[in-house]
Amino acid sequence: MSLLKWKTEYSVGVQEIDNQHKKLVELINKLFDAMKQGQANAVLGQILNELSSYAFSHFKTEEKYFKLFDYVEAQKHREIHQTFVKEISKFKNAFDAGQITLSISIFAFLKDWLHNHILGEDMKYVDCFAKNGLVQSEL
Ligand SMILES: [Fe+2]
């Protein structure tokens with residue numbers, strides 16, 4: 001396991017969204033650092049709270065554009081976002097219930113989400129957003 005790096009292949013061409021995705025990379029790395037120092041349980045509660053508010057505002061941004069541009073896969077994509085929200089709240093409940101050794105599962109879940117969701121689902125809206133004139137970020 002190692003720190004994650006933002007890669008240009010993650011860019012969806014929209015600065016606002018790329019910055020939000022970078023924030024997710026930061027949160028994952030924060031968890032990773034804490035795990036490395038054996039401090040994961042001390043920061044996990046805070047990280048889970050940050051992930052909830054992150055998900056709320058980030059998904060709201062993407063979904064705002066889905067609506068604005070009549071994105072054809074909006075419904076499916078929104079449902080996938082909901083699975084993320086549910087998963088985080090499950091982790092939160094488990095954490096609040098005092099379950100330990102959660103950090104590795106959370107780390108794996110987030111890493112997988114970053115890779116599969118951004119490179120899979122998010123990339124599918126790039127054309128639609130670009131066609132609707134959403135400003136391209138400089139890569
Ligand atoms: Fe998304």
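User: What share of the contacts in the chain with a separation of 6 or more comes from residues 24 or more positions apart?
Analyst: Residues 24 or more positions apart account for 76% of those contacts in the chain, a contact being two residues whose C-beta atoms, placed from the backbone, lie within 7 Å. This is a predicted model, in which local features need pLDDT of at least 70 and side-chain atom pairs count only at pLDDT 80 or more, while totals for chains, interfaces and linings use all residues. Residues are numbered from 1 along each chain as its sequence is written.

User: And how many helices and strands are there?
Analyst: The chain has 5 helices and 0 strands, where helices (H or I, at least four residues) and strands (E, at least two) are DSSP runs numbered from the N terminus.

User: What makes up the largest nonpolar core?
Analyst: It holds 12 residues, among them Leu 24, Ile 28, Leu 44, Ile 88, Phe 91 and Leu 110. A nonpolar core here is a set of buried Ala, Val, Leu, Ile, Met, Phe, Trp, Tyr and Cys residues joined through C-beta atoms within 7 Å, and a residue is buried if 20 or more other C-beta atoms lie within 10 Å of its own, exposed if 12 or fewer, and partly exposed in between. At least two residues of this core come from each of α1 (15-36), α2 (40-68), α3 (74-96) and α4 (103-124), with α2 giving the largest share, 5 residues. A second, separate core has 7 residues, including Tyr 71 and Phe 129.

User: How much of the chain is buried overall?
Analyst: Of its 139 residues, 18% count as buried.

User: Switching to α3 and α4, how do they run relative to each other, roughly parallel or antiparallel?
Analyst: Their axes, lines fitted to C-alpha atoms over the stretch in contact, with angles from 0 to 180 degrees between N-to-C directions, come within 12 Å and cross at roughly 170 degrees. The two helices are therefore roughly antiparallel, a label for angles over 145 degrees.

User: Which residues make that contact?
Analyst: From α3 they are His 77, Ile 80, Phe 84, Glu 87 and Phe 91, and from α4 they are Ile 106, Phe 109, Trp 113 and Glu 121.

User: What about Thr 101, is that buried or exposed?
Analyst: Thr 101, found in the loop between α3 and α4, is exposed, with 8 other C-beta atoms within 10 Å. Its C-alpha atom is separated by 8.9 Å from that of Ala 40, 61 residues apart along the chain.

Methods: Parallel < 35°, antiparallel > 145°, perpendicular 65-115°, else oblique.
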